[in-house]
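I opened a structure that was new to me and kept notes as I went. Here they are, in the order I looked things up.

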Amino acid sequence: MCGIAGYIGKKQAAPIILDGLAKLEYRGYDSAGIAVFDGEKIHMEKAVGRLRVLDELTRHGASMPGFCGIGHTRWATHGCPSDTNAHPHMNRENTIAVVHNGIIENYDVLKARLEKKGYQFVSETDTEVLAHMLTEYYRGNPAEAIEKVMHRVEGSYALGIMFLDHPHHIYAARKDSPLIVGVSDTGKFIASDVPAILQYTRTVYYMENEEIVCLSNEHTRFYNIDGEPIEKEPVTVDWDIHAAEKGGYEHFMLKEIHEQPKAIRDTISPRIKENDIDLGELNLTDEEIKRLRKISIVACGSAYHTGVTGKYVIEDLARIPVETDLASEYRYRNPIYAPDSLVIIVSQSGETADSLAALRDAKAHGSKVLSIVNVVGSSIARESDAVLYTWAGPEISVATTKAYSCQLAVFYMLAMKFARIRGSITAEHFQTLLEALRRLPDQVEGLLSQKEKIQYFANHYLATEHIFFMGRGIDYAISLEGSLKLKEISYIHSEAYAAGELKHGTISLMEKGTLVVALATQDALYPKTVSNIVEVKTRGAFVMALTTLRHKDMEKCADYVLYIPETESPFMGSLAIIPLQLFAYYVALGRGLDVDKPRNLAKSVTVE
């Protein structure tokens with residue numbers, strides 16, 4: 001949510017900042033703004049809508065000369081999208097400019113206190129409080145003023161700040177919202193995420209909680225909240241810069257769907273060694289794995305859906321009880337942390353606010369935490385006891401595809417590793433699973449060749465208002481993700497149900513022409529799912545079924561059938577999701593929607 005980009009150096013700042021913000025559009029936003037020191041004053045421009053509006057307003061930065069600036073894309077929380085509420089925010093004297101990601105939870109108390117002192121507010125945002133508080137505490141030393149503000153605000157923030165009295169410096173601070181610092185021969189950068197600065201530098205510092213940085217042409221200085229200097233080591237980012245470009249595809253989502261074979265292969269291949277699964281990063285001994293009595297998987301959105309699949313697969317293979325929780329609910333149900341248990345946090349960005357809070361709660365109660373994340377150096381990765389990275393590369397489209405598929409692959413390997421160590425599967429079964437795992441990337445690649453057939457079907461359902469997904473077991477878990485993909489980019493109302501639950505109320509919604517997408521890939525549950533298909537068809541539903549090649553008899557009961565190759569039943573989700581991703585993409589495309597940047601959504605959800 002929201003994006004920050006800032007630059008100070010030898011080049012014009014505005015074009016670099018606008019380019020950086022463009023690389024962060026996937027984070028979700030509804031307005032944008034930029035502030036640049038032009039040699040005499042801090043000049044600011046803001047605009048509601050897509051970044052191109054601001055870009056045209058400033059002639060791609062040409063109308064805002066200067067070598068030092070900060071920019072922001074805003075996802076509205078306090079106050080509707082408007083020019084006034086857009087960032088940056090400035091004090092009354094226009095001597096301090098602030099951009100902010102996060103939420104100041106006690107802003108109303110702070111605002112009331114400032115208003116009593118005569119400060120006047122022009123926006124509805126919580127961020128404007130920061131600009132006036134900095135004015136209140138500023139006595140010539142920016143770092144001291146920032147420290148005093150940090151001691152008094154509650155909530156989350158990543159801040160970029162400029163002071164007119166210090167025109168050749170940018171200050172930044174962080175608590176619970178991601179912020180990085182980049183350095184190069186031509187300048188210094190701040191940003192919410194790596195893609196914003198990847199074309200300029202690969203040398204990055206990851207800021208920790210309650211840290212401050214002062215950037216100038218001469219130095220990069222880090223401090224803690226008490227003003228004490230901090231020594232930090234830079235990290236070299238090894239992302240392929242072309243991975244953050246469309247590469248000839250119409251949308252990032254379509255490109256990332258097609259990148260899944262490589263992403264899955266990159267995630268599993270280094271971990272398959274000598275006919276075994278090598279998870280050296282796990283930081284668990286064989287004895288600790290044998291003693292495990294419970295696993296809690298905690299995540300949000302699509303990552304939660306991989307956790308639902310993970311529950312089925314781990315319990316089936318490793319015979320360990322698994323709970324899967326939505327991170328936004330986890331802490332508030334007062335979970336029980338038992339001895340010999342493991343908490344698994346799943347997040348693409350590694351910065352998801354609710355998941356990070358769950359991680360910290362688990363750690364505070366003495367639980368061991370394993371994270372499955374895609375971004376190296378992210379907050380969740382740094383604060384976990386162990387990390388299993390999904391080597392998906394940068395994912396730009398808001399709707400996740402390849403990161404989701406890599407998370408599934410990690411859960412498969414985790415389940416197999418635990419099962420082998422605990423002796424819950426035979427050596428022969430383990431090898432059968434291993435061979436099936438190796439084949440998955442090629443099978444996904446083969447499925448992508450069916451996209452024309454899926455597009456043909458999708459074009460017939462562009463105007464539908466309601467779609468239902470159903471399945472049993474792992475098929476239900478994949479239905480959850482298929483439904484989410486459709487609703488988040490096509491804006492069609494869609495729901496997923498465990499097929500056996502339809503008769504407990506939901507079947508009342510079935511009427512003539514209702515589209516039902518039925519997944520039936522699990523052989524043991526196939527007859528029961530067929531019965532559920534018959535139930536909805538009797539009520540007039542049109543059924544698109546997704547099953548395996550051995551079940552040609554599905555054509556007798558479903559109206560339209562898509563087939564996926566055979567694999568081991570725990571891995572079926574990795575194949576079943578591909579047609580569902582493509583279906584969602586082509587429906588959204590046919591409806592003329594912004595596939596990569598759906599309304600109201602953000603890639604990285606860094607507030608609760």
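**Rings**

I began with Tyr585, which is buried at a relative accessible area of 0%. For me, buried is under 20% relative accessible area, exposed is over 50%, and partly exposed is in between, using a 1.4 Å probe and protein chains only. Tyr586 is buried too, at 7%.

Before going further I noted the ground rules: this is a predicted model, where local features need pLDDT of at least 70 and side-chain atom pairs count only at pLDDT 80 or more, while totals for chains, interfaces and linings use all residues. Residues are numbered from 1 along each chain as its sequence is written, and side-chain values use heavy atoms, with hydrogens and water left out.

How many aromatic pairs does the structure hold? I found 15. The rule is that rings of Phe, Tyr and Trp (its six-membered ring) pair if their centres lie within 6.5 Å; planes under 30 degrees apart are stacked, over 60 edge-to-face, and the rest tilted.

I picked out Tyr412 and Phe571, a tilted pair with 4.6 Å from centre to centre and 40° between the planes. Tyr412 is in helix H13 (residues 402–422) and Phe571 is in the loop between strand E27 (560–564) and helix H18 (572–590), so this pair ties together parts that are 159 residues apart in sequence. Helices (H or I, at least four residues) and strands (E, at least two) are DSSP runs, numbered from the N terminus. Tyr412 is buried at 1%, and Phe571 is buried at 0%.

Then I went back to Tyr585 and Tyr586: their ring centres are 5.1 Å apart and their planes are at 75°, so I logged the pair as edge-to-face.

I also wrote down a cluster, where ring pairs link Phe457, Tyr461, Phe542, Tyr560 and Phe583. Tyr560 turned up again under charges, with the charged end of Lys453 over its ring, 5.8 Å from the centre. Likewise, the charged end of Lys232 sits over the ring of Phe222, at 5.6 Å from its centre. The test is NZ of Lys or CZ of Arg within 6 Å of the ring centre and within 35 degrees of the ring normal.

**The core**

Which residues touch the most other members of the largest nonpolar core? They are Ile344, Phe418 and Leu437, out of 92 residues. Such a core is a set of buried Ala, Val, Leu, Ile, Met, Phe, Trp, Tyr and Cys residues joined through side-chain atoms within 4.5 Å. In soluble globular proteins, nonpolar side chains tend to be buried together.

Leu317 lies in helix H9 (residues 301–318) and is buried at 1%.

**Cysteines**

I looked for disulfides, meaning pairs of cysteine sulfur atoms within 2.5 Å, and the count is zero. For Cys2, the nearest cysteine sulfur is that of Cys80, 15 Å away. Cys2 is buried at 8%. Cys406 is buried at 0%, and its sulfur is 19 Å from the closest one, in Cys300, which is too far for a bond.

**A buried glutamate**

Is Glu481 buried or exposed? I have it as buried, at 0%. Glu481 sits in helix H16 (residues 474–490). Apart from neighbours within four places, Glu481 is in contact with Ser302, His305, Thr400, Tyr404 and Ile577. Its side chain makes a polar contact with the side chain of His305 at 2.8 Å. A polar contact is a pair of N or O atoms within 3.5 Å; within protein, one must be able to donate a hydrogen and the other to accept it, and residues adjacent in sequence count only if both atoms are side-chain atoms.

Most residues other than glycine have a negative phi, and most peptide bonds are trans. Against that, I noted a cis peptide bond between His87 and Pro88, with omega about 5°. Pro88 is in the loop between strand E4 (68–74) and strand E5 (89–90).

His60 has a positive phi of about 50° and is partly exposed at 31%. Asn94 has a positive phi of about 60°, and at 43% Asn94 is partly exposed as well.

Notes. Contact means heavy atoms within 4.5 Å.
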